[in-house]
Amino acid sequence: MERGLPHGRPRPGPVTRLTPKNAKKFILDNTALMAPPHVPEVLLHLADEAHDLWLRTEAELAEIGLPPPFWAFAWAGGQGLARYVLDHPAIVRGKTVLDFASGSGMVAIAAVKAGAAEVIAADIDPFCETVITLNLEANGVNADFLDADCIDADGGWDVVLAGDVFYDKPLAGRLMPWFTSLKARGADILVGDPGRAYLPKKGLQALAVYQVPVTRVLEDAEVKRTTVWRWASDAPA
């Protein structure tokens, strides 16, 4: 099953349009502070079966002005990558780290906890800034947020972390040359992936494999075999 949100039920009645500036109460009302099962060191505001957000369709979310809230779920690739960073802190210790497509900020928080000198959580969803701010506060750590499409950019990062990003063919086509160019100039690129369709078939070095508990409604499985890969210099561009 490709990354997406579950189908839901009709929700009659008036709605309030959300913006990143007024979304804090909505996020707090529609999530619970909890630790992802594979990363108990990190607390996140996540949706679960007890929250209506879990059941709403993308059309219903669009009606209130909310893009699909990928930030409300601890995706398997991100959990695996965060686990690896916490277990191997030398990967990021003292370094500048970009957490690409950060979502909830889970991987960024793991990098801060592992001793990174500077962490930038990047996501094109402007609601992620509100969510990540809440999650940083819950963990007592600090990171910067970048609300931009940073593909093809180079901020001089020492390490780029990307959890669960190869679920879409056009996106994968943009990521591969970017990651390869960053690798060529010396960046370390780590990808957490639970077997998404568009992960490159060659040019990757497997670093670790995890069995990550996930939510069946999202993944059509209760556990996803998730691999943390290092982008190699001969990865496809």
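Is phenylalanine 100 buried or exposed? Phenylalanine 100 is buried, with a relative accessible area of 8%. Buried means under 20% relative accessible area, exposed over 50%, and partly exposed in between, for a 1.4 Å probe and protein chains only.

The model is predicted, so local features need pLDDT of at least 70 and side-chain atom pairs pLDDT 80 or more, while totals for chains, interfaces and linings use all residues. Residues are numbered from 1 along each chain as its sequence is written, and side-chain values use heavy atoms, without hydrogens and water.

**View 1. Phenylalanine 73 and tryptophan 75 form an aromatic pair.** Eight aromatic pairs occur in the structure. Rings of Phe, Tyr and Trp (its six-membered ring) pair if their centres lie within 6.5 Å; planes under 30 degrees apart are stacked, over 60 edge-to-face, and the rest tilted. Here the ring centres are 6.2 Å apart and the planes meet at 70°, so the pair is edge-to-face. Phenylalanine 73 and tryptophan 75 are both buried.

View 2. Helices (H or I, at least four residues) and strands (E, at least two) are DSSP runs, numbered from the N terminus. Tryptophan 178 counts as buried, at 1% relative accessibility. Phe100 and Trp178 belong to one aromatic cluster with Trp157, Phe166, Phe179 and Trp231.

**View 3. Helix 6 packs against strands.** Its buried residues include Leu171, Leu175, Met176, Trp178 and Phe179. The strands packed by the buried residues of helix 6 are strand 3, strand 6 (159-163), strand 7 (188-193) and strand 9 (223-231); contact means heavy atoms within 4.5 Å.

View 4. At its start, a side-chain oxygen of aspartate 168 comes to within 2.9 Å of the backbone nitrogen of leucine 171. Glycine 186 follows helix 6 and has a positive phi, near 115°.

**View 5. Cysteine 128 is buried.** Its relative accessible area is 1%. Cysteine 150 also counts as buried, at 4% relative accessibility. The whole structure has zero disulfides (pairs of cysteine sulfur atoms within 2.5 Å).

Methods: Polar contact = N/O pair within 3.5 Å; in protein donor to acceptor, adjacent residues only side chain to side chain.
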